[in-house]
Every structure is written in C-alpha cells, then in structure tokens.
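Please open the structure in your viewer and keep the selection tool at hand.

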Amino acid sequence: MANAEKTSSVSDIDEKKRKRKLSNRESARRSRLKKQKMMEDTIHEISTLQRRIKEYTERCKAARARLDAVESENAGLRSEKTWLSSYVRDLENMMATTSLTLTLSGGDDQNANADGDCRRRPWQQQYGCDSLQPVASFKT
C-alpha cells in the first residue's frame, strides 16, 4: 500500500506543479498584455500631446503676429495723435491771433470778408486753401 500512496502523492504533487506552471504562464501572459496596453496608451498620449503642443505653438505665433500688428498700429495712432494735437494747438493759436488782430483793428466785417472771411477760416490766410488735407488722408 505504501507504493500506491507514494504514486498517488507524487501524481498529486505533479498535478499541483502543472497547475502552478499553468497559472504562472497565464499570469505572465496577462502581465505582458497589460504592459503592451500601457505602452500603446502611453504612445497614443505622447502623440496627442505633441499634436496639442504643435497646435498651441501655431496659435501662439498667430497671437504674437496680431499683437505685433496692434502694437504697430497703436504706435502709428499715437504719432498721429501727437501730430493732430500740435496741429489743433497751432490752429487755436492762429485763431487767437486773428481774433486779437480783429479786436485791435476794430473788427470791421467788410474788411474781414474782403480778406476771405478770416474769422471763420484763419488757417487759410497762413497756409492757403489747398495746403490743408483731410484728417482721413493723414499717413504716418
């Protein structure tokens, strides 16, 4: 009987080893599949992030170009504002001078009209009618 028990015991041990090997193989297979899936997911995430970086870089370049254009336009408008402020100041000075001249000369309307109505358009006496340009045509 001892021999039969040994054979039964050895076959039980062999069966346990076989089941353990099979279980280990299945576990290793699942582990390899899990690792492969993680690699694929990581590669997919990397490509997605690279695409987003490229998209954001392009958007940043476009925003920088718009900013540069707006800054350039702003500089032009500031320059135009300075020029127009100076121009208005000159006109106001001419109007004050003309008003003072008219006041000192007695304000004779007929003489003023003979000179081209200097009270209404004092800049035309100094610059002439053709020297003024509309503001819209001012270029910086």
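The stops below begin with the whole chain and then turn to individual side chains.

**Stop 1: the whole chain**

Please note first that this is a predicted model. Display the chain as a cartoon. Which pattern does the chain follow, read along the sequence? The pattern is α-α-α, with three helices and zero strands in the chain. Now switch to a surface display. The accessible surface comes to about 12,400 Å², and carbon and sulfur atoms account for 54% of that area. Of the 140 residues in the chain, 9% are buried.

**Stop 2: a positive patch**

Select Lys16, Lys17, Arg20, Lys21 and Arg25, which together form a positive surface patch. Is Lys21 buried or exposed? Its relative accessibility is 53%, and because the cut-off for an exposed residue is over 50%, Lys21 counts as exposed.

**Stop 3: salt bridges**

Side chains of opposite charge can pair when their charged atoms come close.

Arg29 and Glu26 are three residues apart in helix H1, so about one helical turn separates them. Arg29 has a relative accessibility of 39% and therefore counts as partly exposed. Glu26, with a relative accessible area of 31%, is likewise partly exposed.

Next, select Arg59 and Glu55. Here the side chains form a salt bridge at 3.8 Å, N to O. Because Arg59 and Glu55 lie four residues apart in helix H1, their separation is about one helical turn.

Continue to Arg64 and Asp68. In this salt bridge the closest N and O atoms are 4.0 Å apart. Arg64 counts as partly exposed at 48% relative accessibility, and Asp68 is partly exposed with a relative accessible area of 38%. Arg64 and Asp68 are four residues apart in helix H1, which means that about one helical turn lies between them.

Salt bridges with shared partners join Glu26, Arg29 and Arg30 into one network.

**Stop 4: an aromatic pair**

A pair of aromatic rings is described by the distance of the centres and the angle of the planes. The count for this chain comes to one aromatic pair. Select Trp83 and Tyr87, the two residues that form a stacked aromatic pair. Their rings are 5.2 Å apart, centre to centre, and the angle between the planes is 10°. Why does this pair count as stacked? The angle of 10° between the planes of Trp83 and Tyr87 falls under the cut-off of 30 degrees, and the pair therefore counts as stacked.

Finally, view the two residues along the chain. Trp83 and Tyr87 are four residues apart in helix H1, so they are separated by about one helical turn. Trp83 is partly exposed, its relative accessible area being 39%. Tyr87 also counts as partly exposed, at 23% relative accessibility.

Definitions and conventions
Residues are numbered from 1 along each chain as its sequence is written. This is a predicted model: local features need pLDDT of at least 70, side-chain atom pairs count only at pLDDT 80 or more; totals for chains, interfaces and linings use all residues. Side-chain values use heavy atoms; hydrogens and water are left out. Helices (H or I, at least four residues) and strands (E, at least two) are DSSP runs, numbered from the N terminus. Buried means under 20% relative accessible area, exposed over 50%, partly exposed in between (1.4 Å probe, protein chains only). Accessible areas come from the Shrake-Rupley method with a 1.4 Å probe; for residues, only the protein chains shown count as cover. Patches are made of residues with over 30% relative accessible area and no salt bridge: like charges are joined within 9 Å, nonpolar side chains (Val, Leu, Ile, Met, Phe, Trp, Tyr) within 5 Å. Lys and Arg count as positive and Asp and Glu as negative; His and the chain ends are not counted. The place of a charge is taken as NZ of Lys, CZ of Arg, CG of Asp or CD of Glu. Rings of Phe, Tyr and Trp (its six-membered ring) pair if their centres lie within 6.5 Å; planes under 30 degrees apart count as stacked, over 60 as edge-to-face and the rest as tilted.
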